[in-house]
Each structure stands twice: as C-alpha cells, then as structure tokens.
Amino acid sequence: MNTSATTGVTEPLLTFQIITDTHVTADPEHEYNQNLGRALQDLALHAQGSSGIMHIGDITNNGFPEEYEEVQRILEQHQASLPQIRYTLGNHDVGLGHWESRLAMYTSRMGMPGPYHDHWIGGYHFIFLGTEEGLQTFCNLSDGQLQWLDRKLGERAPDKPEANSYLQPHTEQASLPDQPVFLFLHQPLKDTVAGSLESQEWYGVTQDQELRTILSRHPQTLLFTGHTHWELEVGNTMYPGNGQTATMFNAASVAYLWTDADEHKNGSQGYYIEVYADKVLVRGRDFTTGTWIEAAQYEVAYPVSALR
C-alpha cells in the first residue's frame, strides 16, 4: 500500500466526495455556515461526473430546527450543480436533546431512512452507520446494527446499479476482497486515526471491540470518520489496515480544524475520491484556498493483502 497518490491516464470508474462536521448554526453570517457554502462551491466546480457527496455527520451545531433551515438554504444555493448528498448521523445532530425528536428531525429534514442505511452506487457498496442513542460525544451501535453491518460488508452487488436497503432480509452472498467497500461513521475507533488517541478524548464508539472484530473479517473496507476535526496535514490521517482490518481515514472538518498542538485552527477541508479497478485514490482538499493538500494524497491498492 502506497501513501502517496499517483496520476495515471486511465479515467476512474467512480468518483465521489466526502465532507463532515459542517456544524451549521442559525446565523447565516456565521463562519461555519460560510465555510459550508464555500465547500459546496468548490464541489460544484470540481466534482463534475461525481456519483455523490458523503457527509459524515454533525450537519448542524445543535440539532435545532432553525439550523436545519439554514442547511437547506445553503444547499439550495448550490443544489443545481451538485450530485446527491447522503448523510451520516453525528452526535451534535442528536446528542443535545430528546433522542426521538432529534432523530425524527434529522431523518425528515435530510431525507435519510434512519440511523443506518446502505446504497449501491455504480456497483460499489456505500454503508452508513449511526448512533442509536442520543449520547453527547460517543455513538452506540446496537447488536442489530452490528449484525446488519457484518452481513452488508459481505454482499455482492445487485443487478441494478443503484439500490438502497435498510434492515432488509439477508440472503447469503460471498464477499469481494478485491473490491473496496466504503463505510462511514461519525466517530473513529480509539487509537486509530488523527485525534482518536485515548489521551485526546475524541474517539467514541461504545462497541469499539465489537466493530473491530467485524472489520477484521472485511479488510477490503475503507472506513471514513469525522468528529475529531483534526487537520489532514498530520501524519496519522490514514490508519493502514495492512490486510488485517479496514483502512481508516480521518476526514477533518468543513467548519473548523484542530491541530496536534491541541489548538483550534480556522480552515475547511474534505476529500475527493477516485476509484479505479486496482486502487482507490483519496485526495485531501482545502476548501478555503481551493487547493489540494499535498500531505494528504493517499493510494490504497486492491485486492488487499496482509503484510508478511
């Protein structure tokens, strides 16, 4: 597995983008709101032919109705030039109020079927996990969700190029270790990607070990997480799976960034993803300057193989 992206002449089979932690407030002039608009403008200009934008949670800052109204206002300004956006549930969306009402607001306003869901896009599997309890920082994944995930990670593509399912009956299917599966969860596993060290206190999966066990059975998985806001320039943005578990990426934040010095930093970042037959390129993007982040260009080769 190489840790620097290479540019070839072959066109990618699929492209998509990743943003997270937009933290939209009720104030249209707030920096976070302005940063989301700037990021969407960058995506509208540079994501032609994209199969979608994947948002990894903390859409709003508090889960308030007026914040969702601001999200919709900002989206409407760019919607005609953007691919479909699919969402992950973040702790700021549901962890600061009554669980059922906050979840209902998230699903109704953002058009998602529930805390977790999956989609087949262009023959590739996209799976979104989410908390089933309104915790302030952690996520809580039920046994049902974890069993569902284990099944989904082993599915083959259906006949149709795009299919969505949520808690649908499982039919036995073989996994595809030579093809990536894209998995999204707001909180990272402990001691993996940037910001997730136990001392930093920004990891946050209650079922940490249970999720690790599942991922060890599906090392073709690419897991993208948010929550920490850690800037993409740091050294442990990617956690290599080495054929033993999922390869994991911290996706930074659109609203603001955090540094290894444990300090707030103004900025807005995300990813552009290119999928090829034998690799996935993960390209860090600075939405503030409209430039590529040279330190955050990664290549994950397929099929995956364990290091000896």
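Start by selecting E198, which is partly exposed because its relative accessible area is 45% (buried means under 20% relative accessible area, exposed over 50%, partly exposed in between, with a 1.4 Å probe and protein chains only). Before going on, a word on ground rules: this is a predicted model, where local features need pLDDT of at least 70, side-chain atom pairs count only at pLDDT 80 or more, and totals for chains, interfaces and linings use all residues. Residues are numbered from 1 along each chain as its sequence is written, and side-chain values use heavy atoms, with hydrogens and water left out.

E198 and K190 form a salt bridge, with the closest N and O atoms 3.9 Å apart (a salt bridge is a side-chain nitrogen of Lys or Arg within 4 Å of a carboxyl oxygen of Asp or Glu). K190 counts as partly exposed, at 26% relative accessibility.

How many salt bridges does a search of the whole structure find? Nine.

For another, select D118 and K152, whose side chains meet in a salt bridge at 3.6 Å, N to O. D118 sits in strand β4 (residues 117-121) and K152 in helix α5 (residues 143-152), so this pair ties together parts that are 34 residues apart in sequence. Helices (H or I, at least four residues) and strands (E, at least two) are DSSP runs, numbered from the N terminus.

Are D118 and K152 buried or exposed? Both are buried, K152 at 6% relative accessibility. E155 also counts as buried, at 14%.

Next, jump to E67 in helix α2 (residues 65-78). E67 is buried yet has no salt bridge; R102, the nearest side chain of opposite charge, is 6.9 Å away. (Lys and Arg count as positive and Asp and Glu as negative; His and the chain ends are not counted.) What does the E67 side chain reach at 3.0 Å? Look for the backbone nitrogen of G63.

Last stop: N236, in the loop between β8 (221-225) and β9 (238-239). N236 counts as partly exposed, at 26% relative accessibility. Select A296 too: its C-alpha atom is 9.9 Å from that of N236, and the two residues are 60 apart along the chain.

Terms used: Lys and Arg count as positive and Asp and Glu as negative; His and the chain ends are not counted. A polar contact is a pair of N or O atoms within 3.5 Å; within protein, one must be able to donate a hydrogen and the other to accept it, and residues adjacent in sequence count only if both atoms are side-chain atoms.
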